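Hi,

Here is the structure you asked about.

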Amino acid sequence: ILDSGRKYYLQFTTIDYKSGENAGSCLATVLYQKKKPPPVVNIKCTETKDQKKIEEEDNRLYQKLRHQTKPIIASNIPDIYGNIEPALEPVWALAVAGSSYIMWEKSTENLGYSMAQVKSARQWIRKDDFIEFDFTVLLHEIPTQEIISCHMRLTWRPGHPLKVKYFCASENQGLEDGSGVESGSATGILPEKGAKF
Amino acid sequence: DQVLHVVPDTYQQVQHLQHLCSTLLLDLWKPLLPEDIWAGEDVHVRVPAPLVQEAKDSLDQHMISYKVLIPDVQELVEQSMPNERSSNRQIPEGYVYTQYHTMEEIYQWMTEIQKSNSELVTRHYLGKTAENRSMYYLQISQPSDKTKKIIWMDCGIHAREWISPAFCQWFVKEILQNYKSDPRIKRFLENLDLYVLPVLNIDGYIYSWEKERLWRKNRSPHMNGTCYGTDLNRNFNSSWGSVGVSYNCSSEIFCGSGPESEPETRAVAQFIERKKSDILCYLTIHSYGQYILTPYGSTTNPPSNSKELMDVGEKAAAALMEKYGTSYQVGSTSLILYSNSGSSRDWAHTIGIPFSYTFELRDKGTHGFVLPPAQIQPTCEETM
């Protein structure tokens, strides 16, 4: 699209992040505007899992995290060997979902991301229904190969989209002084509604 | 840290013990709370290492009897976690190929593997790393009167890609365990020699174990020791420094001060250069992404034997997929991944080695560099 950017038409299948099972297929358009993130995405997906099952799983995840007597505080998920403690899997899953929002906002036509590791996670127990976590996540940036450290605060409740606020710093440069705190509320932008695992 | 077994005899001693626990913030294992300490009853308390002497002195002063129940808590912890690192050394008979190993263990493994397979395996010195460590490769060669062509494989050029050295070790084990029984491997070794370098970037690998798990480059110092590391896979003499690199040491894709500026690069390059007329295939193993990459990274112009390269690559990907359904993409780096220059694979091809491939092993980003050990076996089996 002359002068305003490049539009890609995509058709792809999705798999469950954890189990690897087929989770549905999607049709999407992605518009990269002159190298300025975030890309504008239009997407429509058909899920193989039925809505009820997704809700059940969301609820199970929610209950596990909600009924902590002590707030979860953890670091290095996975650990250096690649192991994730079963009790911490829901925490990892939340981090993945939240990070995907950060990665979407940062992506350009030439820069892509994966979540490499959760460096730290801290739960805040709230009086209302929401789950709240502070994360430090490490993102792997392609093709620069850099590891970007991002601080992310995430709130969620089943049936509601994830709310993510974040601030990223490049590992090599340390925290950039006041060059803009990037924060955003993820209200209804993500194709994923809540956590689907 | 030590765990002490204490038995206070009098009420005064109980009080003192309670006082000690709260002032030194000791970790009571039995009973759980200081207020439950009674005269004549067993107390088990964990004392952090720096406070051990002080605690013992205090107990002595008040004539409170104690015994050391656990002299070293950390040691016990390590022993009780069979999946984690233990301080026990592994020998090849008991060598666990489904676990990640430290460089020290890998050095030992190389020595042992040669000893227990001396009719086939010889270990050779290749050169020194930036931090002066020795680099060795293993030569697997069936004695015969004909000169054989060589297949070279190196792993661990990027420190954080732990599945890569794990694969090299697995590969060697598989060949040695099955060369007598598997007709394909037998035929293989009748006509070819295998040269395997299990860890190319030794310094970086050690650094990723001890300091920073996601380290990528080597550990050569720059700018008066204020910045470390060159990306060894941008340091080879193939369109060096032209694209997909940084000239800044602080970048993960810093290409070094010049082509082959790094001792590790030179060690490998000099050897391969010398043997190039006999080398049929150059393989370099990375992670992650699940790709079989062909030259070039620096240009989209296809190499002279592009069709053959693709053919063989596609066959390999198909065979790989048969095992567990894992899909690998095949193609030139510049077309299916991103542009980069100075890669070892490109260089190998430009000096005349016809089959040159980069393997990017599992996964596609879910775990990325921190691939769980449970995936070592399936990854290696399918790649084999």
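Let's start with chain B, which is divided into domain 1 (2-79) and domain 2 (103-383). Keep in mind throughout that this is a predicted model. The C-alpha centres of domain 1 of chain B and domain 2 of chain B are 53 Å apart.

Chain A has 197 residues, and 42% of them count as buried. If you take the contacts in chain A between residues at least 6 apart in sequence, 51% join residues at least 24 apart. The accessible surface of chain A is about 10900 Å², with 53% of that belonging to carbon and sulfur atoms.

Part of the chain A surface is a nonpolar patch, formed by Tyr8(A), Leu10(A), Phe12(A), Val41(A) and Ile43(A). Together these residues have about 370 Å² of accessible area. Strand 1 (6-15) and strand 3 (36-47) of chain A each supply at least two residues of the patch, and strand 1 gives the most, with three. Ile43(A) sits in strand 3. Is Ile43(A) buried or partly exposed? Ile43(A) counts as partly exposed because its relative accessibility is 32%, and partly exposed covers the range between under 20% (buried) and over 50% (exposed).

Now for the inside. The largest nonpolar core has 76 residues, and the ones with the most contacts inside it are Trp109(B), Leu126(B), Ile140(B), Trp152(B), Val268(B) and Ile272(B). Helix 5 of chain B gives the most to this core, with nine residues. There is also a second, separate core of 35 residues, which includes Tyr62(A), Leu65(A), Trp92(A) and Val96(A).

Leaving out residues up to four places away in sequence, Ile272(B) touches Trp152(B), Ile279(B), Tyr282(B), Trp347(B), Ile351(B) and Ile353(B).

Helix 7 (residues 202-210) of chain B is another one to look at. How many of its nine residues are buried? Eight of them are, so the helix is mostly covered. The buried ones are Ile202(B), Asp203(B), Gly204(B), Tyr205(B), Ile206(B), Tyr207(B), Ser208(B) and Trp209(B). Their cover includes helix 4 (103-116), strand 6 (134-140), helix 5 (163-178) and helix 8 (263-275) of chain B.

Last, the charged pairs. Side chains of opposite charge can pair when their charged atoms come close. Over all chains the count is 20 salt bridges.

- Arg133(B) pairs with Glu131(B), with the closest N and O atoms 2.9 Å apart. Arg133(B) is partly exposed at 26% relative accessibility, and Glu131(B) is partly exposed at 37%.
- Lys276(B) forms a salt bridge with Glu273(B), where the closest N and O atoms are 2.7 Å apart. Lys276(B) is partly exposed, with a relative accessible area of 31%, and Glu273(B) is partly exposed at 35%.
- Lys307(B) bridges to Asp311(B), with 3.7 Å between the closest N and O atoms. Lys307(B) counts as exposed, at 63% relative accessibility, while Asp311(B) is partly exposed at 37%.

Where do Lys307(B) and Asp311(B) lie? Both are in helix 9 (residues 306-324) of chain B, four residues apart, or about one turn of the helix. An α-helix has 3.6 residues a turn, so residues three or four places apart point the same way.

Cheers

Methods. Residues numbered from 1 in each chain as written. Chains lettered and ligands numbered in written order. Predicted model: local features only at pLDDT ≥ 70, side-chain atom pairs only at ≥ 80, totals over all residues. Heavy atoms only, no water. Buried < 20%, exposed > 50% of the residue type's maximum accessible area, 1.4 Å probe, protein only. Contact = heavy atoms within 4.5 Å. Domains from an automatic or database assignment. Patch = residues over 30% accessible without salt bridge, like charges linked within 9 Å, V, L, I, M, F, W, Y side chains within 5 Å. Areas by Shrake-Rupley, 256 points an atom, 1.4 Å probe, with all protein chains shown as cover. Salt bridge = Lys/Arg side-chain N within 4 Å of Asp/Glu carboxyl O. Core = buried A, V, L, I, M, F, W, Y, C linked by side-chain atoms within 4.5 Å.
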